[in-house]
Amino acid sequence: REFAVVGDAMRDLEKEGMNIYALAAIRLLMFTGARRGEILTLEWSHVDFDRKILFLEDSKTGKKAIHLSAPALEVLSNIPKQKDNPYVICGAIEGAHLVNIRKPWGHVKDKASLKLKPDGSVVDVRLHDLRHTYASVAALGGMSLPVIGKLLGHTQSSTTQRYAHLADDPLKEANEAIGKRLHSLMGSKTNNIVQM
């Protein structure tokens with residue numbers, strides 16, 4: 001539900017004239033799980049549309065390839081290129097990248113009412129939380145921790161381990177579904193099951 005609200009808020013802000021580069025940066029953070037600095041300093045020379053990757057020569061963990069989904073590719077395809085500016089997310093200064101998207105993210109949060117929990121208490125949704133959300137969606141979708149770690153560019157498996165409890169949920173659900181199905185195939189009488 002929150003993603004739909006954020007999507008609506010971003011479309012509304014775009015219509016209201018919000019900086020298209022800031023909105024594109026936020027969308028890319030959501031669709032790639034990349035770090036803020038990786039997106040803000042991204043150059044067009046790093047974008048490989050054919051192979052569907054961003055290739056970063058120098059990230060926090062060294063050389064890194066970021067895989068691009070169809071929505072991420074669509075965002076990139078719609079970003080206007082500026083003459084004599086190598087950056088994807090252009091800033092106000094000619095030839096420079098956008099430096100900060102905290103204020104635009106604040107507008108998105110306000111528009112989407114992300115600061116309040118259903119019980120009325122205040123919560124802060126940081127830009128970096130988009131990276132965690134990307135990983136959580138992957139884990140809840142049943143992707144393995146090594147795959148999630150590679151997508152995020154983690155060099156240590158322990159860094160990805162924080163999502164282990166989420167990765168277990170689909171396994172529990174699958175196991176329960178299998179158990180119920182087998183139980184129904186056996187005829188729903190549990191007393192017929194041989195005790196070991």
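Me: How many helices and how many strands are there in the chain?
Reply: This is a predicted model, in which local features need pLDDT of at least 70, side-chain atom pairs count only at pLDDT 80 or more, and totals for chains, interfaces and linings use all residues. Residues are numbered from 1 along each chain as its sequence is written, and side-chain values use heavy atoms, with hydrogens and water left out. Helices (H or I, at least four residues) and strands (E, at least two) are taken as DSSP runs numbered from the N terminus, and on that basis the chain has nine helices and three strands.

Me: What share of the residues of the chain counts as buried?
Reply: A residue is buried when its relative accessible area is under 20%, exposed when over 50%, and partly exposed in between, using a 1.4 Å probe and protein chains only. Of the 196 residues of the chain, the buried share is 39%.

Me: Which residues of a second, separate core can be named?
Reply: Apart from the largest nonpolar core, with its 40 residues, there is a second, separate core of six residues. Among its members are Tyr-134, Ala-135, Ala-138 and Leu-152.

Notes:
Core = buried A, V, L, I, M, F, W, Y, C linked by side-chain atoms within 4.5 Å.
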